[in-house]
Amino acid sequence: MAVLSLLPLRTPAVGARGPPRHKEGVTMAAMKPRTGDGPLEVTKEGRGIVLRMPLEGGGRLVVEMNADEAGALGQAIEDCLG
């Protein structure tokens, strides 16, 4: 007599074939969803400052920095502008 289990089958967390791999067998990082294009934004999030800058080819550059780094970036931009 066969015994049937009512428990769900366990599947590996990374999928049936394992983690994604590059051609040479090196594990690749997971791709993050695109946040889409949008306006230039600078927001304070927690202790950091987050800059979201749209790029010409689509997408956005997202940089998180502290207050000192943001000040240095602002000064560098002012120096460039003359």
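Select Glu41 to begin: Glu41 stands opposite Arg52 in β2. The model on screen is predicted. Glu41 lies in β1, the strand that spans 41–45.

**Along β1 and β2.** Stay on this pair of strands and colour β2, residues 48–54. β1 and β2 pair in the antiparallel sense, over 5 bridges. Move to Val42, which faces Leu51 in β2. Then pick Lys44, whose opposite residue in β2 is Ile49.

Which residue in the turn between β1 and β2 has a positive phi? Select Gly46: its phi is about 65°. The hairpin formed by β1 and β2 has 2 residues between the strands.

**Across to β3.** Keep Ile49 selected and look to the other side of β2. The bridge partner of Ile49 in β3 is Met65. Ile49 can thus be used to step across the sheet, with Lys44 opposite it in β1 and Met65 in β3. β3 covers residues 60–65, and its pairing with β2 is antiparallel over 6 bridges.

Follow the chain from β2 into β3. These two strands also form a hairpin, here with 5 residues between them. Select Gly58 in this turn, where phi is positive at about 105°. Leu55 sits in the loop between β2 and β3 as well.

**The sheet as a whole.** Now show the three strands together. They make an open sheet in the order β1-β2-β3, with antiparallel pairing. β1 and β3 are the edge strands; each has a single partner, so one side of each is left without a neighbour in the sheet. On average, neighbouring strands are turned by 20° against each other, direction ignored.

**The helix.** Select residues 67–81, helix α1. The helix lies across β2 and β3 and runs at about 125° to β3. Is β2 mostly covered or mostly uncovered? It is mostly covered, with 5 of the 7 residues of β2 buried.

**A surface patch.** Switch to a surface view and select Leu40, Met53, Leu55 and Leu61. Together these residues make a nonpolar patch of about 340 Å². Leu55, already visited in the loop between β2 and β3, has a relative accessible area of 42%.

**The whole chain.** Finally, clear the selection and display everything. The secondary structure comes to 1 helix and 3 strands, and the elements run β-β-β-α from the N terminus on. Of the 82 residues in the protein chain, 10% count as buried. The chain exposes about 7,700 Å², and carbon and sulfur atoms supply 61% of that area. If contacts are drawn between residues at least 6 apart in sequence, 7% of them join residues at least 24 apart.

Note on methods
Residues numbered from 1 in each chain as written. Predicted model: local features only at pLDDT ≥ 70, side-chain atom pairs only at ≥ 80, totals over all residues. Heavy atoms only, no water. Pairing = 2+ DSSP bridges. Helix = DSSP H or I, 4+ residues; strand = E, 2+ residues; numbered from the N terminus. Axes fitted to C-alpha atoms, helices over the stretch in contact; angles between N-to-C directions. Contact = heavy atoms within 4.5 Å. Buried < 20%, exposed > 50% of the residue type's maximum accessible area, 1.4 Å probe, protein only. Patch = residues over 30% accessible without salt bridge, like charges linked within 9 Å, V, L, I, M, F, W, Y side chains within 5 Å. Areas by Shrake-Rupley, 256 points an atom, 1.4 Å probe, with all protein chains shown as cover. Salt bridge = Lys/Arg side-chain N within 4 Å of Asp/Glu carboxyl O.
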